[in-house]
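Good morning. I will talk briefly about charged side chains in one structure, so please look at the screen.

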Amino acid sequence: MPPAAKKTAIQWPKLSGPHICMGAGQQALDLARKGLLSAAEMRGGSLSQAEIATVFEFIAASQNLFDIYRSNYEACGQIHKKQPFVGANKDFFAMSVLRFLCFDIVRKVFDRQIARTDDNWEIEFLHAFSLYICQTSNAGFVEDLSSAYRLLAKEHGNSITAVTIANDKTIREIVARAADDFPSDHTDFVNFSNAVNKALSDRYNNYGPSPIKVSEPLVEKFFSQLWSDSKRNYFRQIALG
């Protein structure tokens, strides 16, 4: 019998975000630290201010530092060619995590609302979702995820993918704690609907009844599918257990 063909490893796309630049910054800091330690060792363990300045001048003009910037530039080009660069404000990472958690269900349950607007509909939904969690479950949800993101960026730099995020224990625990308070009854569904519809009203300047807005039955369907074992993506499988 012919040998079994080996499965090709899945190549997850690297993600766009400030972690790309942070990766280069961390490498530059590591290079500077090594340079200072090496110079201090040659000077008996200490350096004068003038010597420290000389070390930094040498590093700034070195091929090693240039290579860090060059490789980071190449990584940026490859990633942003597939993913347009987006501004990363304070809520950026929390919304990204929620997107990994539920983007497929959002597009399935709210397909008609999205079809009547544009890609910003999903962004407003995720933003409202994040704010709802902050108000009902964990006031530090955004800050906690932002802190976890900075640690990931420091460790992985421009190699972060969705799987890197999903496999992070701290991020999974933050999401799991928030999930304990996800809407589960009619009052919750009404409150969540109001939060989403307010965000949509502000975004689209549409403050009356509108087919672009969500209803309680759709919100209930959304959370029901979010918890459904048969509809779980990789992130939901390990974050919601």
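Helices here are DSSP runs (H or I, at least four residues), numbered from the N terminus.

Some background. This is a predicted model, where local features need pLDDT of at least 70 and side-chain atom pairs count only at pLDDT 80 or more, while totals for chains, interfaces and linings use all residues. Residues are numbered from 1 along each chain as its sequence is written, and side-chain values use heavy atoms, leaving out hydrogens and water.

Asp202 and Lys198 form a salt bridge, with the closest N and O atoms 3.0 Å apart. A salt bridge means a side-chain nitrogen of Lys or Arg within 4 Å of a carboxyl oxygen of Asp or Glu. The structure holds six of these salt bridges.

Another one joins Arg236 and Asp104, at 2.9 Å from N to O. Arg236 lies in helix H12 and Asp104 in helix H4, so this pair ties together parts 132 residues apart in sequence. Arg236 is buried, at 0% relative accessibility, whereas Asp104 is partly exposed at 29%. Buried is under 20% relative accessible area, exposed over 50%, and partly exposed in between, with a 1.4 Å probe and protein chains only.

Finally, Lys213, in the loop between helix H10 and helix H11. Lys213 is buried yet has no salt bridge. Its nearest side chain of opposite charge (Lys and Arg count as positive, Asp and Glu as negative; His and the chain ends are not counted) is Asp202, 8.5 Å away.

Methods: Helix = DSSP H or I, 4+ residues; strand = E, 2+ residues; numbered from the N terminus.
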